[in-house]
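Hi everyone, thanks for making time for this. Please have the sequence and the structure open while I talk, and stop me whenever you get lost.

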2 protein chains.
Amino acid sequence: MESKKLLEADMSTPKYESMNGGLPDDDDELLDIATEIATETASTTSAGSNQPFLAWFRRKVDATGMSQDDISLQPFLNSCESSTNILDSSEETMLEFGQYDDFHTIDWVRDISRDRLRHKQISRKSKESCWDLIKGTHDAWSGWLCVLFVGMAAGLFAGIVDIGASWMSDLKEGICPEAFWLNKEQCCWGSNDTTFDDRSCSQWLTWSQLFGIHTENAGTYILDYIIYVLWALSFSMIAVFLVRTLAPYACGSGIPEIKTILSGFIIRGYLGKWTLIIKSVCMMLAVSAGLSLGKEGPLVHVACCIGNFFSYLFPKYGRNEAKKREILSAASAAGVSVAFGAPIGGVLFSLEEVSYYFPLKTMWRSFFCALVAAFILRSINPFGNSHLVKFYVEYNTPWFFFELLPFILLGVFGGLYGAFFNKFNLKWCRFRKKTRMGLFPIAEVMIVTFITALLAFPNPYTRENTSVLIQRLFKDCGPVDDSDLCDYNATYAPNLNNRRNPYGEAGTGVQNAMWQLFLALILKGILTIFTFGMKVPAGLFIPSMAVGAIAGRLIGTGVEQLAFNFPDWILFDEACAGGQRCVTPGLYAMVGAAAALGGVTRMTVSLVVIMFELTGGLQYIIPIMAAVMTSKWVGDAFGKEGIYDAHIHLNGYPFLDAKEEFKHTTIAADIMRPRRGDPPLVVIEQDNMTVEELETLLQEEDYNGFPVVVSKETQLLVGFVLRRDLSLALDEARKAQDGVVSNSRVYFTTHVPGPLDVGPKPLKLKKMLDQSPFTITDQTPMEVVIDMFRKLGLRQCLVTHKGRLLGIITKKDILRHIATLANQDPDSIQFL
Amino acid sequence: MESKKLLEADMSTPKYESMNGGLPDDDDELLDIATEIATETASTTSAGSNQPFLAWFRRKVDATGMSQDDISLQPFLNSCESSTNILDSSEETMLEFGQYDDFHTIDWVRDISRDRLRHKQISRKSKESCWDLIKGTHDAWSGWLCVLFVGMAAGLFAGIVDIGASWMSDLKEGICPEAFWLNKEQCCWGSNDTTFDDRSCSQWLTWSQLFGIHTENAGTYILDYIIYVLWALSFSMIAVFLVRTLAPYACGSGIPEIKTILSGFIIRGYLGKWTLIIKSVCMMLAVSAGLSLGKEGPLVHVACCIGNFFSYLFPKYGRNEAKKREILSAASAAGVSVAFGAPIGGVLFSLEEVSYYFPLKTMWRSFFCALVAAFILRSINPFGNSHLVKFYVEYNTPWFFFELLPFILLGVFGGLYGAFFNKFNLKWCRFRKKTRMGLFPIAEVMIVTFITALLAFPNPYTRENTSVLIQRLFKDCGPVDDSDLCDYNATYAPNLNNRRNPYGEAGTGVQNAMWQLFLALILKGILTIFTFGMKVPAGLFIPSMAVGAIAGRLIGTGVEQLAFNFPDWILFDEACAGGQRCVTPGLYAMVGAAAALGGVTRMTVSLVVIMFELTGGLQYIIPIMAAVMTSKWVGDAFGKEGIYDAHIHLNGYPFLDAKEEFKHTTIAADIMRPRRGDPPLVVIEQDNMTVEELETLLQEEDYNGFPVVVSKETQLLVGFVLRRDLSLALDEARKAQDGVVSNSRVYFTTHVPGPLDVGPKPLKLKKMLDQSPFTITDQTPMEVVIDMFRKLGLRQCLVTHKGRLLGIITKKDILRHIATLANQDPDSIQFL
């Protein structure tokens with residue numbers, strides 16, 4: 001069949017490579033950006049580098065006619081970093097045929113076609129020999145093999161990070177002299193103290209005790225205080241220094257960038273080996289420094305780095321950006337899975353929040369990956385309990401219907417806190433970006449660490465590790481629990497074998513705890529705003545959950561006391577009658593944590609499932625769901641964006657949100673280039689241009705691709721050709737010296753006028769023509785156009801009117817259009 | 001803005017309505033089908049109706065020029081039915097503007113555009129008055145309100161069906177004379193017997209006891225036997241009779257049809273009120289008749305009927321087929337949620353198996369719906385335990401690594417069974433369709449019921465309700481359990497307070513049980529093949545799980561005995577050393593159930609999550625996952641299709657699978673119509689045709705839409721116009737008598753040549769032109785075309801070459817093409 005052959009020939013050349021920056025006014029803009037960049041670089045690195053950079057940039061643009069896409073903007077992409085990622089950027093700069101440049105949008109259609117072709121070749125070949133059959137089988141299984149490795153490595157890394165962070169956190173307070181490598185909990189296990197609680201055991205020495213001071217007085221307190229602050233400062237100093245010098249991409253939570261990458265964008269080095277190592281190390285350091293941040297978001301980034309690493313072992317994934325994202329999608333599921341011990345929640349997180357193009361196809365594999373990761377982590381057992389889950393809790397009492405009221409109240413709190421946090425964190429980040437403050441990241445980290453440590457030490461609930469705090473707040477008071485939080489004026493219940501019944505009027509301990517928790521709430525709530533966005537690995541899950549858990553415990557204890565004192569009040573009537581215990585403050589903490597996290601991130605199903613996996617009890621889903629729903633609605637009333645999407649916008653990543661609905665009535669003609677009044681679209685005629693004309697065209701225009709038409713008069717579309725391919729082909733033809741000269745005609749048709757044509761030898765370029773560019777009419781509603789871009793993963797689309805070519809729409813045009821309609825600065829969309 | 005106005009004008013007319021059967025050779029084919037249909041009808045209903053039907057059909061085609069799409073093929077669609085759905089089809093036949101005909105594919109793009117327009121109008125209006133604001137708010141919340149109702153109703157229906165089925169099932173064996181409305185379990189609760197086990201309690205009387213015979217001998221056995229069979233026969237008689245006469249769509253599991261409907265297909269009456277009621281009733285009857293079927297699949301159908309019912313309360317959903325599917329998607333999640341008490345599993349089932357177009361958007365709402373349904377069901381508490389879950393189990397022992405081997409073995413069994421079942425069930429269904437057997441559905445049901453009852457009664461494991469059997473097999477042997485399955489030569493363990501330790505050498509009870517279970521395995525395995533596809537509501541989940549659970553229990557007990565007898569064997573070494581109990585046969589049953597169900601349906605994530613929700617223990621996920629993975633791989637080796645997809649193909653539904661990959665190298669030019677040699681595509685010229693010419697065209701051609709071009713010579717595409725709109729507009733213009741005569745020119749352009757044209761008054765039809773039809777080039781690879789159809793929900797797509805219109809591809813063309821490439825009969829794709 002002729003058509004088959006044609007197709008295969010077509011497939012072997014890359015389809016429309018990089019037609020994205022191709023807009024008439026890009027050249028000016030380009031220089032603007034370059035100048036801006038250069039200025040920024042000058043001020044952030046050394047003053048002397050300004051001129052040479054700009055000169056080099058101009059040279060590049062002027063001499064070779066290359067567009068800005070060919071110049072690495074990498075140093076300036078990441079909001080949290082402005083210096084080059086020395087180690088990771090160099091390791092991947094080798095450009096290959098069919099690969100993308102840094103900071104480019106990938107073309108899903110092309111990549112998936114490439115993979116299909118590859119697959120067909122392999123299955124054809126595998127019938128030939130035994131070795132090819134083995135290779136074919138290996139290829140078929142490589143996806144599963146790859147996610148198996150990813151899952152195992154993710155579990156391993158998470159285990160190491162958990163153990164390291166826990167050890168270093170405790171180091172701030174003291175040490176286990178007999179075995180310094182043990183953390184406080186393990187140290188005390190080693191000793192004969194059977195229960196481990198707030199008080200220190202004999203094996204574990206605080207620093208002042210280590211120095212021989214065994215009395216507790218103001219002096220030892222101050223000494224411990226100073227040592228605590230010093231440890232915190234040194235941890236964060238090392239962290240920020242490592243990030244700055246070795247892997248600038250290792251800062252922040254990484255989730256906004258992962259989302260952007262998975263939506264089809266290239267950030268070279270963002271998932272590199274050095275980022276992986278440095279982020280893992282600095283994550284431990286930053287958590288141990290006592291900063292108001294978590295390691296759960298960064299764990300997702302680390303898992304994706306692992307995914308990226310292993311994908312290179314399998315060329316099927318490593319050499320195909322679209323396929324690689326299948327692995328990354330599974331890796332992000334594994335990241336959440338190990339962060340919370342929640343494999344199902346991880347898969348749903350990957351599905352709901354992170355993945356973009358292929359939610360369903362990879363679900364099964366993602367689930368496998370998440371499960372393997374959770375299993376490995378459980379085998380390492382860093383939490384010291386046999387459960388898979390980080391905050392494992394078990395409640396003995398059910399919840400009652402009247403409690404939905406306080407749960408919804410917690411949802412309102414969560415939504416309000418989320419809106420408040422998002423607003424002020426964004427303001428602060430914007431302030432950091434705009435002012436000179438952004439130039440002193442190390443100083444910023446040190447100051448925030450200092451303030452955090454200073455304020456955190458006096459309060460026992462902020463002094464300890466945040467995840468330990470959350471665990472404590474989630475826990476129900478047991479009969480033998482004698483911590484402050486459970487210090488009730490207890491009754492001795494006969495049904496508990498006369499043991500202390502932890503239910504009654506709040507004792508002084510509980511009252512104290514409430515005050516301290518209230519202060520902790522304010523402290524954490526505010527410090528997190530300044531912490532998220534600093535140049536250290538910083539996750540949001542744990543601090544948000546902590547804020548919510550504190551609020552939940554406060555409200556829960558309040559309701560509990562109310563129910564104890566007025567058990568016959570109509571609201572409590574049935575459930576609490578006769579002084580029965582009917583309120584579990586720990587459950588309120590859990591619901592509050594879910595609500596606050598929901599308010600900040602606007603996660604929905606995945607959040608509920610993660611929280612459900614923590615308890616394992618289906619019955620508590622309903623309270624959590626009620627709170628998360630309320631929190632999302634309240635939060636959405638103040639602005640639809642979750643914190644990750646807000647940071648994506650803040651950084652101007654080219655992310656076309658798949659969930660947002662486009663609500664305007666514009667049509668393709670309103671968006672396409674050229675606009676009315678602009679010069680017409682630059683096109684190539686299929687059989688009427690000489691080599692010289694094309695070379696001039698390539699020099700004069702910096703578009704990344706050109707539509708090919710029958711003739712300029714008819715504007716009937718034939719196909720689309722990429723700058724890179726065209727330029728390569730012309731160069732080669734010149735070099736080959738087989739008769740192609742400046743006024744040789746270039747043909748994009750199958751038939752070339754034969755011997756009748758007495759001119760120089762023609763050049764046939766039909767092979768490199770993409771004969772199936774996506775087209776729409778100028779009357780197509782924009783919502784349909786956006787749907788096409790999202791669902792098919794397009795980079796650009798040609799616009800026709802009555803069959804004739806009229807213009808072009810790129811992903812960047814759409815993003816700018818959306819920004820304009822939302823009254824935002826369209827120039828905030830920087831990359832494509 | 002001018003473009004805005006244009007767009008809105010465009011939006012207010014329906015876009016390309018029904019351009020699907022528009023193929024040149026359809027006319028012949030059409031008559032073929034009609035003849036075939038008529039013959040079939042004649043033979044199934046009454047012989048006399050043959051001629052009139054054919055005559056009516058011919059009249060319809062000949063006189064009005066309508067295509068077969070306008071003629072209801074409903075009686076012939078459903079494989080399991082060949083008579084008309086009397087009640088439901090009449091209630092919904094009122095045709096409206098913008099609605100679809102029966103057995104048509106919907107146009108997602110158009111419906112979603114319509115909804116956007118509606119939404120814009122409401123939000124504009126809501127600023128005007130307070131009442132409009134309330135209406136606007138109601139509109140915004142109606143989605144949540146609707147799924148709330150759906151969830152509540154689904155929970156209620158499931159509760160009623162569960163209670164009814166359990167009561168009627170027990171009715172076969174006996175009755176509770178003091179309170180006949182109680183089932184056996186409830187009856188025995190009422191009495192003073194504290195434990196409920198195999199033996200009957202004093203309150204519950206078997207039929208022979210009721211007749212005063214209290215000795216157990218051959219006579220009572222035979223009496224009970226006969227009564228059992230009679231009850232079974234009467235139950236199934238009522239069921240099949242109700243289905244045949246009142247709601248023919250109520251048969252089968254309904255999942256293949258639900259999948260097709262959700263993928264965008266109209267089957268009027270399939271989700272109607274009568275189907276809902278009759279299916280609910282017949283589900284109980286069929287289960288109670290002891291047939292080898294379950295009510296879980298039908299529950300999904302019932303939930304979708306409920307979703308359909310409530311969607312009519314909200315015009316936003318009821319009057320927009322695309323939006324309605326959002327509610328149906330949530331409803332199917334609620335269906336699985338109540339079937340198994342697994343809300344998360346339900347959402348994932350809806351996502352993985354059923355939903356098509358909008359997996360993520362509705363996930364949160366589906367989850368809410370599923371949760372509400374589960375909560376209501378739990379409040380009704382039909383299972384009599386306080387758990388949400390049907391087969392709640394709790395195991396005390398963990399699983400050991402060596403057990404992965406038998407688990408994988410179970411996976412292999414599940415895969416093989418699935419392949420075997422699918423193959424023979426399909427063969428049987430095809431046989432039923434082709435031969436005269438299909439004409440006697442009542443007789444078929446009665447015969448199968450008779451055989452089932454006859455063979456099931458002697459074996460205690462087949463006599464009882466299948467879901468009770470599964471529960472029994474899942475359960476671990478407790479110290480007080482004295483059923484046959486737990487009859488070990490017990491040791492009395494000191495750690496159990498000297499109670500019987502149910503672990504040891506298998507006693508005679510266990511040996512007997514194994515034999516009986518083996519027979520039950522064969523019986524159920526074979527009977528299900530003949531049962532699934534009969535004309536009663538019949539689900540597959542429960543019988544498949546039963547087969548797997550029996551196999552699992554058999555293998556589990558085998559491994560247990562092996563471990564007991566050879567505890568020092570290298571494989572058991574660590575786990576079973578010292579005669580420790582290390583094997584839980586109940587867990588094997590659960591793993592086996594998952595494997596068999598996975599083999600039959602090829603579900604993956606949702607299946608694992610459903611099974612996980614049954615136990616609530618994360619630790620058993622890994623065995624289940626291992627078995628399900630193996631079972632899927634083994635099953636896929638014999639054929640990629642799950643049973644639901646196979647039945648979709650068998651019935652020729654127009655379902656374009658979103659998961660299957662298209663692996664051929666064809667291009668659009670190979671598929672499009674007209675084919676080489678055919679007459680050229682019928683087009684309309686934008687300004688060169690008269691009213692008479694168009695009327696002739698409408699009479700001669702039966703396409704459902706026509707491309708409009710600049711001129712026949714240039715073939716430059718202007719837009720697409722629907723037959724229905726065009727015909728309506730011409731009729732109206734004729735009626736209006738404002739100067740439009742037969743040779744009036746028809747213009748699809750904005751500007752009409754003015755007074756210079758001295759002919760009769762022109763007719764302007766630009767308003768009804770869809771100016772943004774989807775187009776592709778003839779060189780586009782078919783995989784890209786299929787992707788577009790799937791992801792954008794297209795019905796047809798125009799094909800161009802160098803800007804000129806060349807042909808058209810419809811969804812039907814694609815399905816036929818796929819069938820041809822898979823060496824199937826392309827004519828099996830019947831509807832569109």
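**Strands, sheets and a two-fold axis**

Let's start with one pair of residues: Q796(B) has T810(B), in β13(B), as its bridge partner. Keep in mind throughout that what we are looking at is a predicted model.

Now zoom out from that pair. β12(B) and strand β13, residues 804-810 of chain B, are joined by six bridges, and the two strands run antiparallel. How many residues lie between β12(B) and β13(B) in their hairpin? There are two residues between them, and in the turn you will find K802(B), with a positive phi of about 45°.

Let's stay with β12(B) for a moment. This strand covers residues 796-801, and five of its six residues are buried, so to speak mostly covered. β12(B) also pairs with strand β11, residues 775-777 of chain B, through three bridges, this time in parallel. If you want one contact to click on, T775(B) has L798(B) in β12(B) as its bridge partner. To get from β11(B) to β12(B), the chain passes through helix α32, residues 782-792 of chain B, and this β-α-β crossover is right-handed.

Next, please move to another sheet in chain B. In what order do the three strands of this open sheet come? The order is β5-β7-β8, with mixed pairing. In chain B, β5 (684-685) and β8 (717-722) are the edge strands; each has a single partner strand, so one side of each is left without a neighbour in the sheet.

On one side, β5(B) and β7(B) run parallel and are joined by two bridges. Here E685(B) stands opposite V709(B) in β7(B).

Is β7(B) mostly covered or mostly open? Mostly covered: five of its five residues are buried. The burial applies to both faces, with G705(B), P707(B) and V709(B) on one side and F706(B) and V708(B) on the other.

Let's hop over to chain A. An open sheet of three strands is found here too, in the order β5-β7-β8 and with mixed pairing. The edges in chain A are β5 (684-685) and β8 (717-722), each with a single partner strand, so one side of each has no neighbour in the sheet. β5(A) pairs with strand β7, residues 705-709 of chain A, in the parallel sense over two bridges, and E685(A) stands opposite V709(A) in β7(A).

How do the two chains relate?

L405(A), L562(A), F566(A), W569(A), I570(A) and L571(A) make a nonpolar surface patch of about 640 Å². One of these, F566(A), sits in the loop between α23 (541-565) and α24 (573-576) of chain A.

That's my tour, and I'm happy to take questions!

Key: Residues numbered from 1 in each chain as written. Chains lettered and ligands numbered in written order. Predicted model: local features only at pLDDT ≥ 70, side-chain atom pairs only at ≥ 80, totals over all residues. Heavy atoms only, no water. Patch = residues over 30% accessible without salt bridge, like charges linked within 9 Å, V, L, I, M, F, W, Y side chains within 5 Å. Areas by Shrake-Rupley, 256 points an atom, 1.4 Å probe, with all protein chains shown as cover. Salt bridge = Lys/Arg side-chain N within 4 Å of Asp/Glu carboxyl O. Helix = DSSP H or I, 4+ residues; strand = E, 2+ residues; numbered from the N terminus. Buried < 20%, exposed > 50% of the residue type's maximum accessible area, 1.4 Å probe, protein only. Pairing = 2+ DSSP bridges. Right-handed = clockwise from strand over helix to strand, strands pointing away.
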